[in-house]
Amino acid sequence: MSRFLYYPGCSMDSSARAYGDSIEEVCRPLEIDLQEIDDWNCCGASEYMALSQTRAFALISRNLALAERQKNGTDTLIAPCSLCYLNLAKTDHYMQEDPRLSKKLNMALDADGLSYTPGALAVRHLLDIVLDEVGLEKVRSHVVKPLTGLRLAPYLGCLVTRPDYGHRWRSREHPKELDHLLAALGAEVVDFPLRTECCGGHMTQISPGTGFELIRRLVDAAARQGADALVTLCPMCQMNVDAYQAEMNRHYKSSYHMPILFFTQLMGIAFGSPPDMLGFGTELVSASGVLAKIGVKQPETPEAEAAGAAARKHRPKQTGLPMPVMPADEEGQR
Amino acid sequence: MSTGQERIGVYICHCGSNIAGIVDVAEVSRWAGEALASQGVVISRDDKFMCASSGQELIEKDIAELGLNRVVVAACSPHMHEKTFRGACARAGLNPYLCELVSIREHVSWVHTDKAAATAKAKAVVAGGVFRVKEHAPLEPLRVPIHPATLVVGGGIAGISTALEIADAGFPVHLVERQPSIGGHMAQFDKTFPTLDCSACILTPKMVEAGTHKNITLHTWSEVTDVKGYVGNFTVTIKEKARYIIYDLCTGCGICQEKCPAKVQDLEFEAGLGYRKVAYMPFPQAVPKVPVIDRDNCTYFSKGTCKACEKFCPTNAIDFTQEDKEVVVEVGNIVLATGFELFDARRIEQYGYGRLPNVFTSLEFERMSNAAGPTSGHIVLRDGVTEPKAVGIVHCVGSRDRNYNNYCSAICCMQSLKFAHLVKEHTDATVYNFYIDIRAAGKAFDEFYQRVLEEGTVFVRGRVAEVTDALRPDEADQAGRIIVQVEDTLAGQQRRIPLDMVILSAGLEPPADAKETGRLFGISCSSDGWVIERHPKLDPVATMTDGVFAAGCALGPRDIPSSVTNGAAAAARILGRIQQKEMALEPVRATVDEARCSGCRICNDLCPYNAIIFHEDRMVTEVNPALCQGCGTCVAACPAGAISGTGFSDAQILSQIEGLLMLTASGEPRKAVPA
Amino acid sequence: MTATQTISGTTRGHRNFMAEVASLTAGDSRLEMCIQCGTCGGSCPSAADMDHTPRMLFAMVRAGMKEQVLRSNTPFMCVSCYFCAVRCPQEIHIPDVMYVLKAMATNEGRVPDRTAPDFSRTFVNNIHRYGRSFEVGLVLRHYLRHYLTRLPGMAPMGIGMVTKGRIGFRPHQIKGRDGLRKILVRAAELEAEA
């Protein structure tokens, strides 16, 4: 059993229930023991930072302080939500970089008898843990129901590989790690060009037109590549692309149907867990087609088949002038 | 050793207000004359500018009239004027090494603001100098002979130019080049800016001259593997790699190349854009016109079959048993002209090079535009056939970027303008240049920019953010094209511009093994990897190591005229040395007292100049006075104290310390400390 | 300190505004290193909807055009995706500066549009009250104030979220609410002291 400190984030038991449920479900076979921080508070998302830096950092640092206190054999703090992950990592990073800030925050924490030593914790995203601490070999060993025939578009969102204070990712723009993970589950991974493009964050609440445009770009690119679903690792991204897809369709008079699932949901299915334990059915853009595709070998719909064929055709052939030699895309290259 | 017969002159410089503004120079001079009289000071003066001729004349006059046999000047750093004052002493007939320059500027007036404390410190520094100079002995510079041959490493335009200058003056040159032919990157280019001369047309006559010159020995397909010795007397080992072709029998007919069935992607000359045979000459005008068999890809070497080249060679020049040959040459001077490598554009993911077929690097484009290149000069997409309708040229790829290389690569703006012109010349395409600044500083450069503007190239001031094939829903009609996403900063808008082809003006980098080369030749490279010149303004082709020079892009990004000029400058310096037949070296050196050396060899590996020789027969270490730069590392390391430095002996240093401690920090005489 | 502009005059106090913004940013923002290359404006996914590209905004900050900067919608259109930050050749911490400008504009009452600051304030008030965010409360309040006309069209989504159990109708309250409030009050005091 590998133990880690765990910061779930506010959406895990509500809008991202599917993520929360599926994380719990896959942690057992992967032998990950998540110790939830006792009485953690909201990280402030991008809202507190927009009103006051010091207070925003202080809010986040309370979680770091509680986690440090709870250390108990591990100093790795996992956050599954990309924005929570960034906030925790950013606060720890700036406390290390800026002694003035560190002093201020510790003075604020002291008002409740708390303190945090900058650098005491290693803040990491859940995907990072699955790749490095668990490893793809172990993931593969638990696959009982390979996702054969399922075409998935890996979508990491913007805050996992950027700004990457901990230097955990080799590529900031086109990381292949999620590709490798989904391939390890037996799926066919499409070469999704917008792996780390932003879903718009809270833009659907601030400037809906902007929000819908960003959502549309993702959904359109996935559809163009003939993907059956987008796969993500952030509650905000999932919410935007899923819950607002209908409104986006109305805005553009389009008719996209692109389900978006959490990577842990797909892992769960591949490990043989029943869909209802993994939050399937909570998505607004139904993923029943996705399930049908791997549960039962159904013939593809003519449109999906055409899109897939078109995407495959789009790949350039190797005639004409030679291409530059690229380093081998190896699994395990972090 | 001090004999007590020293007659010392002390000169305190004001340096205008640089020193006098903080240090009370008159007081220091007065004090020195008084308090240090017992040490041998017979005269103490202060002057506004000691380095001026009037100041130097003071010294010369006092030496003559007062019989001075030691001089202490308290002024700026020895780096500035040690030579000046030594020169003044020499002119007056005093051995220049009996002069000591102590710094009361860099060490005192420039770093302190408290005048009283600074004055006290200046006094201490002067006292240190006086105590020390008594222990100085007259020294004679070492004279070493200069071998008339020169080694030039690198056969690009810089190396070729250097070699020709020296050879034309009548002296032998060994020109070493690691590729099968000389020519370097200039041989790959199509046209050169701003004149649009055909690169090969202006280069090949020089290549031929170098290849046929009676004073130039070409070592192509070769590497320098060892360098021993010192200025005027280097012993260099050159590894001539096996070509598997007998040089003297080969006529350069090219049949082996024609008949060779194996083809590989040509990553060197064609920059990956074309193919070459395994038995090949890199390009038709290769000098020497002798092919090479690429052992790693040869069917015979991997499977034992084929041998087509051997079958068809009309002069039986193929020899699969050939081995690398080592050649040892003696030279007097070395010039490093090792050139540059192109920044690896694959590192910038968002530009898509290597992923998107129609993104090309500058070198790939040079080969494409070249009439002798893989597309016979046609500007086409990666499919080898389609002409682009819109081409974008991206400036500053991997340059001026803290994520990759901080520096500007100097030539890319002009190169990008050149590309714009060439695309317009070969096609009807619309051409965009995406830039941050236009750096067109040289002769006729800005005029070239004007010309390119006239031709209708569209300039967008913005550093390209992304090159992508991921089309947005409203770009569905641009299928198959690539989009450059950039902020047009002058218009203040983000733009997505659909193009067919993108050319990345990638930056210049030092060769991958630059640091190893530095170690081999005993010179330093900067953190970027470029060779460090002795002085960036006043001595741009010499290095800190006597006898080793550099020319061309080995020193940093520069264009062809600069490289040629560098070569001429290095050649001039070397020719001057050669014709003087010998050179005087600074006598400030370390010497080993053999009687005290126990042969522990601790010092042997510490010498940064490889100046230490160990005599196995006598089990003692000796310092080569010509290579030794007097850094003092071995002196400090020797546990037996067997090494001392002429010019920095223990006696000199200890007495200087005594002088420095003569006064307390407030300027009072220090009471003697009981031993 | 206001920047005065007239047709013939120039803005005043320019050096101070840039320094002010830099000093409020955690760590070293490197804002003064900007060479106006436009990589940020070129990378930004929401640039098309901004009054000024990020680069232009920094040029205005440098010029001391405080009024125009604080009235620009640019910081509020920033999605903090960090594309600009990782591509900037001068390694400027752009999103951090954007947060500072958001806060400055809000706190000095210069915002061009109240939607974003209202959203942030509502979000933050929930945190003060419960220690956690409270989506339902946030969304309802926000839409009633700003997007009344959107509500009917969003009914299907709303119903969907409810029926699929993705809405938490009761706010979760942390035990250490009072302690958290103490921390935040102290932080506010320290901020004002700076």
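Predicted model: local features only at pLDDT ≥ 70, side-chain atom pairs only at ≥ 80, totals over all residues.
In chain A, four strands are arranged as an open sheet with parallel pairing, and their order is β6-β5-β7-β8. The edges of this sheet are formed by β6 (188-189) and β8 (260-262) of chain A, each of which pairs on one side only. Strand β5(A), which spans residues 151-154, runs parallel to β6(A) and is joined to β6(A) by two bridges. L152(A) has V189(A) of β6(A) as its bridge partner. In a regular strand, side chains alternate between the two faces of the sheet. Helix α12 of chain A, comprising residues 263-270, lies across β5, β7 (229-232) and β8 of chain A. The helix runs at about 75 degrees to β8(A).

The loop between β5 and α7 (177-184) of chain A contains P163(A). The peptide bond between R162(A) and P163(A) is cis, with omega at about -5 degrees.

One disulfide is present over all chains of the structure. This disulfide is formed by C198(B) and C201(B), whose sulfur atoms are 2.5 Å apart. The torsion about the S-S bond of this pair is about 80 degrees, and the disulfide is therefore right-handed. C198(B) is partly exposed, because its relative accessibility is 27%, a value between the 20% and 50% limits of that class.

Chain B also holds several backbone sites of note. Most residues other than glycine have a negative phi, and most peptide bonds are trans. Against this background, the peptide bond from F193(B) to P194(B) is cis, with omega near -10 degrees. P194(B) belongs to the loop between β8 (191-192) and β9 (197-198) of chain B. L196(B) is likewise placed in the loop between β8 and β9 of chain B, and adopts a positive phi near 60 degrees although it is a residue other than glycine. L196(B) counts as buried because its relative accessible area is 15%, which falls under the 20% limit. A positive phi, near 55 degrees, is also found at R400(B), a residue other than glycine. R400(B) is situated in the loop between β21 (390-397) and α12 (412-426) of chain B and is buried, with a relative accessibility of 11%.

Further along chain B, strands β32 (residues 612-615) and β33 (residues 620-623) pair in the antiparallel sense over four bridges. Within this pairing, I612(B) stands opposite V623(B) of β33(B). The hairpin of β32(B) and β33(B) has four residues between its strands. In this hairpin, M619(B) takes a positive phi near 55 degrees.

Chain C is divided into domain 1, covering residues 2-107, and domain 2, covering residues 115-193. The C-alpha centres of these two domains of chain C lie 28 Å apart. R55(C) is located in helix α3 of chain C, which spans residues 54-62. The residue is buried, since its relative accessible area is 5% and the limit for this class is 20%. The side chain of R55(C) makes a polar contact of 2.8 Å with the side chain of E487(B). A further polar contact, of 2.8 Å, connects the side chain of R55(C) with that of Q36(C). Apart from neighbours within four places in sequence, the residues in contact with R55(C) are E487(B), T489(B) and G492(B) from chain B, together with Q36(C), G38(C) and C40(C) from chain C. R55(C) is thus described by its burial, by side-chain polar contacts with E487(B) and Q36(C), and by contacts to residues of chains B and C.

Terms used. Residues numbered from 1 in each chain as written. Chains lettered and ligands numbered in written order. Heavy atoms only, no water. Buried < 20%, exposed > 50% of the residue type's maximum accessible area, 1.4 Å probe, protein only. Polar contact = N/O pair within 3.5 Å; in protein donor to acceptor, adjacent residues only side chain to side chain. Contact = heavy atoms within 4.5 Å. Pairing = 2+ DSSP bridges. Axes fitted to C-alpha atoms, helices over the stretch in contact; angles between N-to-C directions. Disulfide = S-S within 2.5 Å. Domains from an automatic or database assignment.
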